[in-house]
Amino acid sequence: MPLITSQKQLTLILTLDRKERKVLLGMKKRGFGAGKYNGFGGKVEKGETIEEGARRELLEEAGIEALDMNQVAINLFTFENDPIGLEVHIYVVESFKGEPVETEEMKPEWFDYENIPFDQMWTDDKHWLPFIIEHHQKFVGYFHFAQDQATILKQKIQIVDDKHVLTESDLKYVM
């Protein structure tokens, strides 16, 4: 594993319609990941819990309020020659209030599970997203990228018990 001197806590929310087999993704319009489809989320602000940050980000980026929110994964992302790791807490939302709307940062769009645009997403998404949408499994993942932020140099996914409450200390399973 590369030398990491600090980690940023981030959130990622996947809004699912399991009955219709659809996932709500957003086309990122600016900032880190611009031009890619992704779930909704981002930074945890000072004074917020990780879940509060996730709820706020979903509302800010998609205009919807989560009625349920379940943490399903933690992924650690590291990048070649970058000492800052990205600790991403992933949540699933299956019920929400409001209708998804385009915002300054994201343009939401529903995708059938069979038509997820992996070629327009982060390279790692195709490795872990099926664990959530198809298999309903909790996990901890690690992805180390080359400087191009597209080539995965190392990866590991560790499935955890469904009743397990995920915390950042679980990252030891993939290190």
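Which residue lies over the face of Trp122? Lys36 does, at 4.8 Å from the ring centre; a charge counts as over a ring if NZ of Lys or CZ of Arg is within 6 Å of the ring centre and within 35 degrees of the ring normal.

Some ground rules. This is a predicted model, where local features need pLDDT of at least 70 and side-chain atom pairs pLDDT 80 or more, while totals for chains, interfaces and linings use all residues. Residues are numbered from 1 along each chain as its sequence is written, and side-chain values use heavy atoms, without hydrogens and water.

Now the aromatic residues. Rings of Phe, Tyr and Trp (its six-membered ring) pair if their centres lie within 6.5 Å; planes under 30 degrees apart are stacked, over 60 edge-to-face, and the rest tilted. That rule gives 10 aromatic pairs. Tyr37 and Phe111 are edge-to-face, because their planes stand at 80°, with the ring centres 5.0 Å apart. Both residues are buried, where buried means under 20% relative accessible area, exposed over 50%, and partly exposed in between (1.4 Å probe, protein chains only). Phe96 and Trp110 are stacked, with 6.4 Å between centres and 25° between planes. Phe96 is partly exposed at 22% relative accessibility, and Trp110 is partly exposed at 32%. Trp122 itself belongs to one aromatic cluster with Phe32, Phe77, Phe79, Phe143 and Phe145.

Last, Trp128. Leaving aside neighbours within four places in sequence, Trp128 is in contact (heavy atoms within 4.5 Å) with residues including Leu12, Leu14, Phe77, Ile90 and Phe143.
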